[in-house]
Amino acid sequence: MSEAVIISSILGGCGLLITLFYNYKNTQLANHKMQKELFTEFNKRYNELNDNLNLLGDTTSKYFFDFYSDVDKIKTKATIYDFFNLCAEEYYWKNEGRIPKKVWNSWYKGMNDIYNRSDVIQQIWDDECKNDGYKSYYIDKKDAFFKLR
């Protein structure tokens, strides 16, 4: 084998290694960017719901809606459904490997703190889950992301 062929092979191998390393780092960067975008978006959406969820978290009466106007009932239920959808999206992306375990554990605890503090949210979740309605939230069983204490 000639010296030129050996040098070409070595340079080609080095070029391949550099390309593979670059692609690996680029993929890592893209994954970190996606995680940051998901983290930022989910936290922003949670912050928008937070005040209303805290009010609902202090409700333990199944008669909660008896004192609400129809408009307030609609707004409150919309907040609860937005919360369910946010939880479902976080759960979905966690299962896709896009949410780190440490972040998911924190979100999971927060989701369940809110859920466990509010009979109203629990009641609406139970109603939502009738006739396999929970499947519209990307889960296979009703208690995939909410656990009663």
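Just after helix H2, Gly97 adopts a positive phi of about 80 degrees. The model is predicted, with local features requiring pLDDT of at least 70 and side-chain atom pairs pLDDT 80 or more, while totals for chains, interfaces and linings use all residues. Residues are numbered from 1 along each chain as its sequence is written, and side-chain values use heavy atoms, leaving out hydrogens and water.

Among the buried residues of H2 are Thr76, Ile80, Phe83, Phe84, Cys87 and Tyr91, where buried means under 20% relative accessible area, exposed over 50% and partly exposed in between, with a 1.4 Å probe and protein chains only. The cover over these buried residues includes H1, H3 (101-117) and H4, contact being heavy atoms within 4.5 Å.

Aromatic rings come next. Rings of Phe, Tyr and Trp (its six-membered ring) pair if their centres lie within 6.5 Å, and planes under 30 degrees apart count as stacked, over 60 as edge-to-face and the rest as tilted. The count comes to 18 aromatic pairs. One of them joins Phe83 and Phe84, tilted at 45 degrees between the planes and 6.2 Å centre to centre; both residues are buried. The rings of Trp125 and Phe145 have centres 5.5 Å apart and planes at 45 degrees, so this pair is tilted. It links distant parts of the chain, with Trp125 in helix H4 (residues 119-129) and Phe145 in the segment after H4, 20 residues apart. Phe83, Phe84, Trp125 and Phe145 belong to one aromatic cluster, whose members also include Tyr91 and Trp104.

Which charged side chains meet? With a salt bridge taken as a side-chain nitrogen of Lys or Arg within 4 Å of a carboxyl oxygen of Asp or Glu, the count comes to seven salt bridges. Arg45 and Glu41 meet in one of them (3.3 Å, N to O); both lie in helix H1, four residues apart, about one turn of the helix. Arg45 and Glu41 are also linked with Glu89 in a network of salt bridges. Asp126 and Lys142 form a further salt bridge at 2.6 Å, N to O. Asp126 lies in helix H4 and Lys142 in the segment after H4, so the pair ties together parts 16 residues apart in sequence.

Terms used:
Helix = DSSP H or I, 4+ residues; strand = E, 2+ residues; numbered from the N terminus.
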